Amino acid sequence: ENTQAVAEFLSGHKGGAKLLYPGLKSNSQYDLAMSQKSGGGTIVSFEVMGGMEGACKFMNGSGLIEISNNLGDAKSLITHPATTTHKKLSPEEKRTLCISDGLVRLSVGLEDIDDIKEDIDKAFDEK
């Protein structure tokens, strides 16, 4: 529920660009995802404007959401795939996989949803 709420919050947010979350009806894979599972999952990916610099400022601007290379915990965590999980890929391979320099992956935890949204807004404001 928290991840769905975060995805809806980020949809059209002034600080973000491309949003990747299969639980949104606007996602091209929504029908397929919903035929295979009951929800969109716990990870939402989105591009932060400003490329790598913008993504890093966003991640560092967060107070509640911790930066991590490993996602999937009860607490909210964020990572930058271009410099962590997909670091060794060539620029062409990253483009094919839609791994831009501004892309971040947010594993939404069990914190109060209003606290998560507030932290996301704060992180965008820091950028």
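Aspartate 121 lies in helix H5. Helices (H or I, at least four residues) and strands (E, at least two) are DSSP runs, numbered from the N terminus. The model is predicted: local features need pLDDT of at least 70, side-chain atom pairs count only at pLDDT 80 or more, and totals for chains, interfaces and linings use all residues. Residues are numbered from 1 along each chain as its sequence is written, and side-chain values use heavy atoms, with hydrogens and water left out.

Aspartate 121 has 27% relative accessibility and therefore counts as partly exposed. Buried means under 20% relative accessible area, exposed over 50%, and partly exposed in between (1.4 Å probe, protein chains only). Leaving aside neighbours within four places in sequence, aspartate 121 is in contact with Phe9, His13 and Lys14. Contact means heavy atoms within 4.5 Å. Serine 28 is 93 residues from aspartate 121 in sequence. Their C-alpha atoms are 26 Å apart in space.

The largest nonpolar core has 20 residues. Such a core is a set of buried Ala, Val, Leu, Ile, Met, Phe, Trp, Tyr and Cys residues joined through side-chain atoms within 4.5 Å. Val6, Val44, Phe46, Phe58, Leu106 and Ile120 touch the most other members. Two or more residues each come from helix H1 (2-10), strand E2 (43-48), helix H3 (51-61), strand E5 (103-107) and helix H5 (113-126). H5 gives the largest share, 4 residues. Phenylalanine 46 is in contact with Leu10, Lys18, Leu19, Phe58, Gly102, Leu103, Val104, Leu106 and Phe124, neighbours within four places in sequence left aside.

The chain has 5 helices and 5 strands. Along the sequence they follow the pattern α-β-α-β-α-β-β-α-β-α. The radius of gyration is 14 Å, close to the 14 Å that the globule rule gives for 127 residues, so the chain is as compact as a globular protein of that length. This radius is taken over C-alpha atoms, and the rule is 2.2 Å times the number of residues to the power 0.38. Along the principal axes, the C-alpha atoms fill a box of roughly 35 × 35 × 25 Å. Of the 127 residues, 39% count as buried. Among contacts between residues at least 6 apart in sequence, 64% join residues at least 24 apart.
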